[in-house]
Amino acid sequence: MTDPMPTGVLQGRATCRAELRRVLCGLSPLAGAEAVFDTPPPDVLLADTHFADWPLDDPAVLTSLAHWLRPPGRRLRLIGVDFAAVAQNHARFARWRRDWTHRIEVLTPVDGALAPGLRLLLAGPVAAQWLDAPDWRLRLVTQALQVAVLREKCADFLQRCEPAWPVTTLGL
């Protein structure tokens, strides 16, 4: 990472959203955006029930994600439960996703519940894990071993997920 990330627990709605925005915009720094990674990660995972607290509709985030997704081999994964809420709360993101569906994998747990502790962002050597929504607490992790443990928990959980939120609905 080019700039030392704050680690530990952040608190407050504005602080948590700003840090998520900083990490997402830092995937591919454009004019005015701060570089977060020395080398952009090939895979980014976002997991939440309905993504209501995420800055997914932010134009700078969408521009950064689009720029980051352009090189071959990159993939954005979304694991969620209520994608109708995502489409309603983040209409700009829902429209943007249509152009990138070939690089975005959207999944939902087969049992309909997100595993405890897996409300997070994983991007290369960085993890941002929501601790609780009512108190707006976000734990930032940059220690390799802790990020690897979270990545392994996600990999195990992905085995119990299925595709969700189709871009188009086919019908007769």
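This is a predicted model: local features need pLDDT of at least 70, side-chain atom pairs count only at pLDDT 80 or more; totals for chains, interfaces and linings use all residues.
Helices and strands here are DSSP runs, numbered from the N terminus.

Arg74 sits in the loop that runs between helix H2 (59–69) and strand E3 (75–79). Arg74 is buried but takes part in no salt bridge. The nearest side chain of opposite charge belongs to Asp43, 10 Å away.

Arg75 counts as partly exposed at 30% relative accessibility. Asp43 is also partly exposed, because its relative accessible area of 23% falls between the limits of 20% and 50%.

Asp43 has a salt bridge with Arg77 as well, and there the closest N and O atoms are 3.9 Å apart. Arg77 lies in strand E3 and Asp43 in strand E2, so this pair ties together parts that are 34 residues apart in sequence. Is Arg77 buried or exposed? At 15% relative accessibility Arg77 counts as buried, since the cut-off for burial is under 20%. Through shared partners, salt bridges join Asp43, Arg75, Arg77 and Glu105 into one network.

How many salt bridges does a search of the whole structure find? The search finds 9. Another of interest is formed by the side chains of Asp58 and Arg21, which meet at 2.5 Å, N to O. Asp58 is in the loop between strand E2 (43–47) and H2, while Arg21 is in helix H1 (residues 13–25), so the pair ties together parts that are 37 residues apart in sequence. Arg21 is partly exposed, with a relative accessible area of 34%.

The nonpolar interior comes next. In soluble globular proteins, nonpolar side chains tend to be buried together. The largest nonpolar core in this model has 40 residues, and those with the most contacts inside it are Leu46, Leu78, Trp96 and Leu121. H2 supplies the largest share of this core, 6 residues. Which residues does Trp96 touch, leaving aside its neighbours within four places in sequence? Trp96 is in contact with Leu62, Leu65, Ala66, Leu69, Leu76 and Ile104.

The last stop is Val167, in the segment after strand E8 (161–163). Val167 is partly exposed, with a relative accessible area of 30%. Apart from neighbours within four places in sequence, Val167 is in contact with Arg97, Arg98 and Thr101. The C-alpha atoms of Val167 and Leu56 are separated by 17 Å, and the two residues are 111 residues apart along the chain.

Definitions and conventions:
Residues are numbered from 1 along each chain as its sequence is written. Side-chain values use heavy atoms; hydrogens and water are left out. Helices (H or I, at least four residues) and strands (E, at least two) are DSSP runs, numbered from the N terminus. Buried means under 20% relative accessible area, exposed over 50%, partly exposed in between (1.4 Å probe, protein chains only). Lys and Arg count as positive and Asp and Glu as negative; His and the chain ends are not counted. A salt bridge is a side-chain nitrogen of Lys or Arg within 4 Å of a carboxyl oxygen of Asp or Glu. A nonpolar core is a set of buried Ala, Val, Leu, Ile, Met, Phe, Trp, Tyr and Cys residues joined through side-chain atoms within 4.5 Å. Contact means heavy atoms within 4.5 Å.
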